[in-house]
Amino acid sequence: MSKRLNLYFIIIVCVFCSCKKDKAFAINTYQLTTDTITAFTLPPIPAILTTPESRADFLVNNYWKNVNFADSNYLHHSDILEQAWVDYCDLLNYVPLATAQRAMQNTIEGINQEKKVLKQVAELAEKYLYDANSPMLNEEYYIPVLQGLVTSHILNQSEKERAKRQLQLSLKNRLGTQALDFTYTLLSGNKSTLHNIQADYTLLLFNNPGCHTCAETIEQLKSSHLINSLIENKQLAVLSIYPDEEIDEWKKYQFHIPSTWINGYDATQTIRKENRYDLKAIPTLYLLDNKKNV
């Protein structure tokens, strides 16, 4: 009887261990099979679309068709998602701006399902479309992203604050709009405003004395035959503006700025305090027409 009970006990233990092993195997198998994201697949372009314009239009508007943004597995494949995003942003350059902006708006609306995925795409958008060092910098593509983040129903108010600030800046001084006016002060102490400059074109240059890239940019402009010719013919005015508060440093830098330029500083720090211009990088340049439109 005792031997029989021992045998039953061994059988039960073996069955129990076997069940646990099978269950663990099943869980691992399930985890492997649910993670099916191995590559990004473009939708096939209909054969009827033969022109480059029509094919680009189709791809821009259907680019993410095979992507389920509600699937958080994309968080584990950031390299695949990032490369797909880079290619998408590049593709936007092959369609009219209005088409690109509408497609970007629809893209963000489609991503507005899973918060973690939306945040990751928002980081990619900022990295490639808003970062001053990005070769793909394009605020006109980034604005629909920000608008989508600000109106998102899955983000709370604190999560929207960064997007709100960036949107306010991005909507200022856009291409085709009139540049915001400001008062500048010359070395002599005389004051004037951006909008008072009389010229067919105005090149507005924000720069700092200690900025190496600023120095390179200034030298390139100084050595440009075209720039100098336009200035000489009264067709172009170059306005160099120091937007910060170390005025003594600005004064020491005077000999680097050509006498044919207007060289001033913001004595009241209005540009910075009121965020009139998005100076996330220095130097920043704007080309304005005779009505001071960007």
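In the predicted model, strand 6 (284-288) gives the most to the lining of the largest pocket, contributing four residues. Helix 6 and helix 7 each supply at least two residues of this lining, as strand 6 does. The space in the largest pocket amounts to about 590 Å³, and 21 residues line it, with Leu 137, Glu 139, Thr 284, Leu 285 and Tyr 286 lying nearest its centre. By class, the lining of the largest pocket comprises ten nonpolar, five polar and six charged residues.

A cis peptide bond, with omega near 5°, joins Ile 282 to Pro 283, and Pro 283 is placed in the loop between helix 11 (270-273) and strand 6. Most peptide bonds are trans, and most residues other than glycine have a negative phi.

On the side of helix 6 the contact is made by Glu 139, Tyr 142, Ile 143, Leu 146, Gln 147, Leu 149 and Val 150, and on the side of helix 7 by Lys 160, Ala 163, Lys 164, Gln 166, Leu 167 and Ser 170. Seven nonpolar, three polar and three charged residues make up this contact of helix 6 with helix 7. Glu 139, a residue of this contact, is also one of those nearest the centre of the largest pocket.

The second largest pocket, with a volume of about 240 Å³, is lined by 13 residues, of which Lys 119, Ala 122, Leu 149, Glu 159 and Arg 162 lie nearest its centre. Helix 5 (115-129), helix 6 and helix 7 each provide at least two residues of the lining of the second largest pocket, and the residues of this lining divide into six nonpolar, one polar and six charged.

Helix 5 and helix 6 have axes that come within 10 Å and cross at roughly 155°, which makes helix 5 roughly antiparallel to helix 6. The crossing in which helix 5 passes helix 6 is left-handed. In the contact, Leu 118, Ala 122, Ala 125, Glu 126 and Leu 129 of helix 5 meet Glu 139, Tyr 141, Tyr 142, Val 145 and Leu 149 of helix 6, and by class these residues include eight nonpolar, no polar and two charged. Ala 122 and Leu 149, which take part in this contact, are also among the residues nearest the centre of the second largest pocket.

Helix 5 also packs with helix 4 (residues 97-111), at an angle of about 150° and with the axes 9 Å apart. Helix 4 and helix 5 are therefore roughly antiparallel to each other. Met 104, Ile 108 and Ile 111 of helix 4 meet Val 117, Leu 118, Val 121 and Leu 129 of helix 5, and the contact of helix 4 with helix 5 has seven nonpolar residues, with no polar and no charged residues. Leu 118 and Leu 129 of helix 5, which meet helix 4, also take part in the contact with helix 6.

Note on methods:
Residues are numbered from 1 along each chain as its sequence is written. This is a predicted model: local features need pLDDT of at least 70, side-chain atom pairs count only at pLDDT 80 or more; totals for chains, interfaces and linings use all residues. Side-chain values use heavy atoms; hydrogens and water are left out. Contact means heavy atoms within 4.5 Å. Ala, Val, Leu, Ile, Met, Phe, Trp, Tyr, Cys and Pro count as nonpolar, Asp, Glu, Lys and Arg as charged, and the others, Gly among them, as polar. On a 1 Å grid over the protein atoms alone, a cavity is a set of points where a 1.4 Å probe fits but cannot get out, and a pocket is an open set with protein on both sides within 12 Å along at least five of seven lines; lining residues have an atom within 4 Å of a point. Grid points are joined across faces, edges and corners, and a volume is the space filled by probe spheres set on the points. Axes are lines fitted to C-alpha atoms, for helices over the stretch in contact, and angles run from 0 to 180 degrees between N-to-C directions. Angles under 35 degrees count as roughly parallel, over 145 as roughly antiparallel, 65 to 115 as roughly perpendicular and the rest as oblique. A crossing is left-handed if the near helix is turned anticlockwise from the far one by less than a right angle, and right-handed if clockwise.
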